[in-house]
Amino acid sequence: MSQTFLLEIGLEEIPAHVVTPSRQQLVKRAADFLKEERLDYGEIKSFATPRRLAIMVTEVAAKQADIKEELRGPAKRIAQDADGNWTKAAQGFVRGQGLTTDDITFKQQKGEDYVFVNKFIPGKSATEVLSGMDKVITSMTFPTNMHWGSYDFEYIRPIHWLVTLLDQAIVPLKVLDIKSGRTTRGHRFLGKSVDLAQATDYESALAAQFVIVDPTKRKAEIKQQITDLAQANNWVVELDADLLEEVNNLVEYPTAFAGSFKEKYLQMPDEVLITSMKDHQRFFYARNQAGKLLPIFISVRNGNRDYLDNVISGNEKVLTARLEDAQFFYNEDQQQTIAAYVERLKKVTFHEKIGTMYEKMQRVQLIGQLLGKNLGLTSTELADLQRASEIYKFDLMTGMVGEFPELQGVMGEKYALLQGEKPAVATAIREHYMPISADGELPQTKVGAVLAVADKIDNIASFFAVGLIPTGSNDPYALRRQAAGIVRIVKAENWHLDISTLQQQSSQLLAEHNATFGLKLDAHITELQQFINERMRQWFGQHKVRYDIVDAVLASHENDLQQMFAAAKVLEQRKDDPAFKSTIEALTRVLRLSEKADFKSQASLTVDPALFENDAEQQLYSAVEAVRNQAAQRTIAENYQALEQLRPLIADYFEATMVMVDDEAVRNNRLKQLAILAHLIFSIADLNQLIVK
């Protein structure tokens, strides 16, 4: 007979950002526990509010499955002595299984008799199994913890009650001094405690006490209420997914309402108003049908509509105070020039081991120009890039950014435009921070994209130069995120960017202009390239590129990120071709033999045709030289196709030619020929890493 099990953990209010991952974690840990305990069930439904985490497990089996198994022990000759007495080996074996020697039988396997016993473990009842769910509760982990009372135990928030019901019966368990029962608690102000008659009463009983415990239903209710408000007033409201999730995890019984603020604040940039509403107050904002921001906000109360006017008035006062501060900073900031703000950056430390923010900007100016020229920016774009890199951090000194750090870059763009800077320069100031998250928006202008990459490369190189290289999960300066941003920008812009070469060139350029400021920026070029390559690996993984193809591409002799993208694409496209296996086998044979060559520079190798002893050598030589001479002008796809066409010539070559002959001149000539071909192969990928079947 199937049953329903309910577990509810009652807590003090949980931070909103922790609610959803904690609910998901509880489901995962419960599922693992039930699997380990061999207790069958149907599905696990999860619930959560700021004050509780809960699961309901349906179709729970009455008991564990019984264990019936036959176990083999030592051979008979080891289990018994010459007189037929049981040895310590036999006695130890059965004792370990909770049995006696009376349970032993013998069976023959592969011509020899072995000890066998039949073991039967009856399944425990569901109640007995589920009474161990306290381990699930106490094993949960959270980003922050607290302890209470005199307990050493820590949890996201103090536990106040536990509900554990298997149908109508309480499953006994205890966490600290909290014993499980059937009493849950309703809304903190509108509801009261209620005893559940059975597990399946959970949702309806709490709904009667002003708690919508299902987060999906609660979110749907919030969306509907806001939509109704918007439609009734002809507003356009953007239901930001992250904000909606956060608001959903702040309330148990939602009631949406609208408030207003004075129109005078609309003279400030929309971003200031939106940040004040969304990020600081968790309000939704509204626009009219033409897209203009309205002096309206929408919020969600944790309660009903009683005294809602007082709630609206209170929220309006809080928002007005925030907007009044913003208005003050906005007006004050415009009293200073950009040059004055830049001058103040000379006294602002970027990092105590690296130097000032102003010094960083000096480096980025040079790196940006080098990068811009390499990437083919026009003279106008280079001029805009130069101006942007001279001032792009100035808004860090403004009062607005000091009060609203989320607006760095954004206010730089706004203030730059107000002070007469070109739109391209102002946009680059905002875009240089992009992307600000793993899947965040990328720069839309070339100048902004180059400045973003230059700034991020300087960040990474500077921290590497002073030994602050991320290790394990430790990355306090978000260098991995910045490296991932470089990868994404390069991919989007289809740029050819060799990080090692750029770092060598920029280190030399900075030294020539006395802009290293004591940093040894060329000391960790190899580590920096590997660091970027690991972000490439992450990108490939996110885009489902086969792992051995990723290994092959990252082990190539190519450091150009765009060429790596192209090589992975070619191998992914070709991996299912009928000729792929034979092509890779032929080319990897070349790679393996070329390892026997010991030449300092493969790129400058020359082969002497006079030393050829068969037609196969000459034919392969001619074909490889043709590929070699055109490789720089061809795409990765074209070069792969050219190598693929060498397959029959390679087969003929190895059929007719012994490479490792005694004659040193002939042997070296053949190794040079293979080394040249190997160099061409490695420019695409280390094909030895591929798995072909």
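Predicted model: local features only at pLDDT ≥ 70, side-chain atom pairs only at ≥ 80, totals over all residues.
A search of the whole structure finds 38 salt bridges. In one of them, E8 is paired with R52, and the closest N and O atoms lie 3.0 Å apart. This pair links distant parts of the chain, since E8 belongs to strand 1 (residues 3-11) and R52 to strand 3 (residues 52-60), 44 residues apart. Both partners are buried, because the relative accessible area is 0% for E8 and 0% for R52, and buried means under 20%. E8 and R52 also take part in a network of salt bridges that includes R51 and E252.

A salt bridge also joins the side chains of R77 and E112, at 2.3 Å from N to O. Here too the pair links distant parts of the chain, with R77 in helix 2 (residues 76-79) and E112 in strand 6 (residues 112-121), 35 residues apart. R77 counts as exposed, at 62% relative accessibility, whereas E112 is partly exposed, at 22%.

In helix 16 (residues 423-431), the residues V425, A426, T427, A428, I429 and E431 are buried, and what covers the buried residues of this helix includes helix 13, helix 15 and helix 17 (446-465). Within helix 13 (residues 379-391) lies T380, which is partly exposed, with a relative accessible area of 45%.

G409 is located in the loop between helix 14 (399-403) and helix 15 (410-418), and it is buried, with a relative accessible area of 0%. Leaving aside neighbours within four places in sequence, G409 is in contact with D395, I429, R430 and Y433.

Notes:
Residues numbered from 1 in each chain as written. Heavy atoms only, no water. Helix = DSSP H or I, 4+ residues; strand = E, 2+ residues; numbered from the N terminus. Buried < 20%, exposed > 50% of the residue type's maximum accessible area, 1.4 Å probe, protein only. Contact = heavy atoms within 4.5 Å. Salt bridge = Lys/Arg side-chain N within 4 Å of Asp/Glu carboxyl O.
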